[in-house]
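Here are my notes on this one, point by point. Keep the viewer open while you read.

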Amino acid sequence: MHRQLTPLPMNYMKCLHCSEHSALKSEYLTFCDACGKKFPVIYKDWLAQHPGGSLEAFGREYGISEAEFTALERRKARKAGFTGRKKLTLAAAIAVFVVCTGLSFLYGPYLMAVFREPRVSAGLLEEAQWRTFRGHLIRMQSPLSLKPESPEDRPNMRVKAFQAGGKTDGIVIRMEESVYLSQSSILLETAAQQTARSMETRSGVSRFSYTSRELQIDGQPALLQQGSYVLRETAPMAFQSLIFVRGGSQVQLLVTHAADDATGKQAADKIMTSIHLN
Ligand SMILES: [Zn+2]
């Protein structure tokens with residue numbers, strides 16, 4: 001008795017077009033509930049060949065049971081949920097990317113400064129910035145004021161240095177004057193090799209290379225070294241180093257800037273071509 005009060009378990013027909021299932025609610029089910037395409041076999045045709053057959057028998061043969069349908073739907077829902085979570089993760093990743101890109105536009109110069117040396121600002125090239133700096137042997141034009149460092153005594157040598165620029169300027173201008181205490185004259189070539197050697201052996205310097213050429217300053221020979229090196233394995237740097245000697249004294253004027261900085265190169269060129277003997 002009880003069994004007859006319970007509705008008969010429903011069967012479900014699978015659509016061959018969209019793979020959705022339609023409940024076999026009545027003997028008139030002909031079209032897919034989801035896409036409206038006609039089922040290949042319908043109950044009326046089947047019944048003609050199976051006299052005495054029932055809708056339930058038809059459903060068992062061509063459809064799936066209520067239990068199978070429920071399990072299928074549950075699996076589908078789980079899959080949809082998983083896809084949803086993946087979409088959420090992707091959305092979060094995109095958001096992080098957009099924020100980072102935005103920040104790098106806003107704070108680009110600052111962020112890049114973490115990875116490479118700063119660049120020389122175009123304002124540094126403005127004529128009004130430039131002034132004469134006069135050392136012991138030479139003088140030149142400089143866009144920054146050179147400040148004296150305390151004199152340094154090396155074996156047989158007294159060194160006086162003046163420097164301008166640094167981290168934030170993107171350029172360093174350094175004049176180093178050395179007096180050999182026991183030599184009344186030194187060779188230009190020797191002095192140039194020694195200054196190059198001391199640059200090459202500075203800590204953090206690698207892949208040091210340069211070319212050298214002789215030039216005349218007010219009729220006197222000097223050597224100009226132009227080269228590059230990598231600082232701390234990360235920052236490619238360029239330099240120009242001018243060496244001049246007179247008797248037992250030598251002077252090195254060194255300008256360094258980031259290797260790919262065209263403004264820095266312009267500033268360095270301008271300094272080097274402004275040199276005169278005192
Ligand atoms: Zn369909």
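1. Start with what sits over helix α6: the cover on its buried residues includes β10 (205-217), β11 (220-231), β12 (235-246) and β13 (249-258). Contact here means C-beta atoms, placed from the backbone, within 7 Å. Helices are DSSP runs of H or I with at least four residues, strands are runs of E with at least two, and both are numbered from the N terminus.

2. Before going on, the housekeeping. This is a predicted model, so local features need pLDDT of at least 70 and side-chain atom pairs count only at pLDDT 80 or more, while totals for chains, interfaces and linings use all residues. Residue numbers run from 1 along each chain as its sequence is written.

3. Which residues of α6 are buried? They are A191, A192, T195 and A196. They sit on the same side of α6, because they cover an arc of only 130° around the axis (the arc is taken over the directions from the helix axis to the C-beta atoms). T190, R197 and S198, on the other side of α6, are exposed. The cut-offs: buried is 20 or more other C-beta atoms within 10 Å of the residue's own, exposed is 12 or fewer, and partly exposed is in between, with C-beta atoms placed from the backbone.

4. Now the confidence. pLDDT, the predictor's confidence in each residue from 0 to 100, averages 88 over the protein, and 92% of the residues score at least 70. Where pLDDT is low, the predicted coordinates should not be read in detail.

5. On to the packing. The largest nonpolar core has 31 residues, and L242, I243, F244, L253 and V255 have the most contacts inside it. Such a core is a set of buried Ala, Val, Leu, Ile, Met, Phe, Trp, Tyr and Cys residues joined through C-beta atoms within 7 Å. Elements giving two or more residues to this core are β5 (138-142), β9 (171-180), α6, β11, β12, β13 and α7 (262-272). The largest share, six residues, comes from β12. Leaving out residues up to four places away in sequence, F244 touches L137, I138, I217, A222 and V251. Another core lies apart from this one, with eight residues, among them M13, L29, F39 and F58.

6. I271, in helix α7, is buried, with 22 other C-beta atoms within 10 Å. Its contacts, not counting residues up to four places away in sequence, are M140, Q141, S142, I173 and V255. I271 and L253 are 18 residues apart in sequence and 9.3 Å apart in space, C-alpha to C-alpha. P221, in strand β11, is exposed, with 12 other C-beta atoms within 10 Å. With the sequence cut-off of four places applied, P221 touches L188, E214 and Q216.

7. There is also an open sheet of three strands, in the order β2-β1-β3, with antiparallel pairing. β2 (21-23) and β3 (64-65) stand at the edges with a single partner strand each, so one side of each has no neighbour in the sheet. Strands count as paired if DSSP finds at least two bridges between them. β1 (residues 11-14) has two bridges to β3, where N11 partners S65 and Y12 partners I64. Three bridges join β1 to β2, with K14 opposite H21. The β1-β2 hairpin has six residues between its strands, and S19 in the turn has a positive phi of about 65°.

8. Last, the pairing around β9. Strand β8 (residues 157-166) runs antiparallel to β9 over 10 bridges, and R158 has V179 as its bridge partner. Four residues separate the strands of this hairpin, where G170 takes a positive phi near 80°. β9 also runs antiparallel to β13, joined by nine bridges, including the one between E177 and V251.

Key. Two residues are in contact if their C-beta atoms, placed from the backbone, lie within 7 Å.
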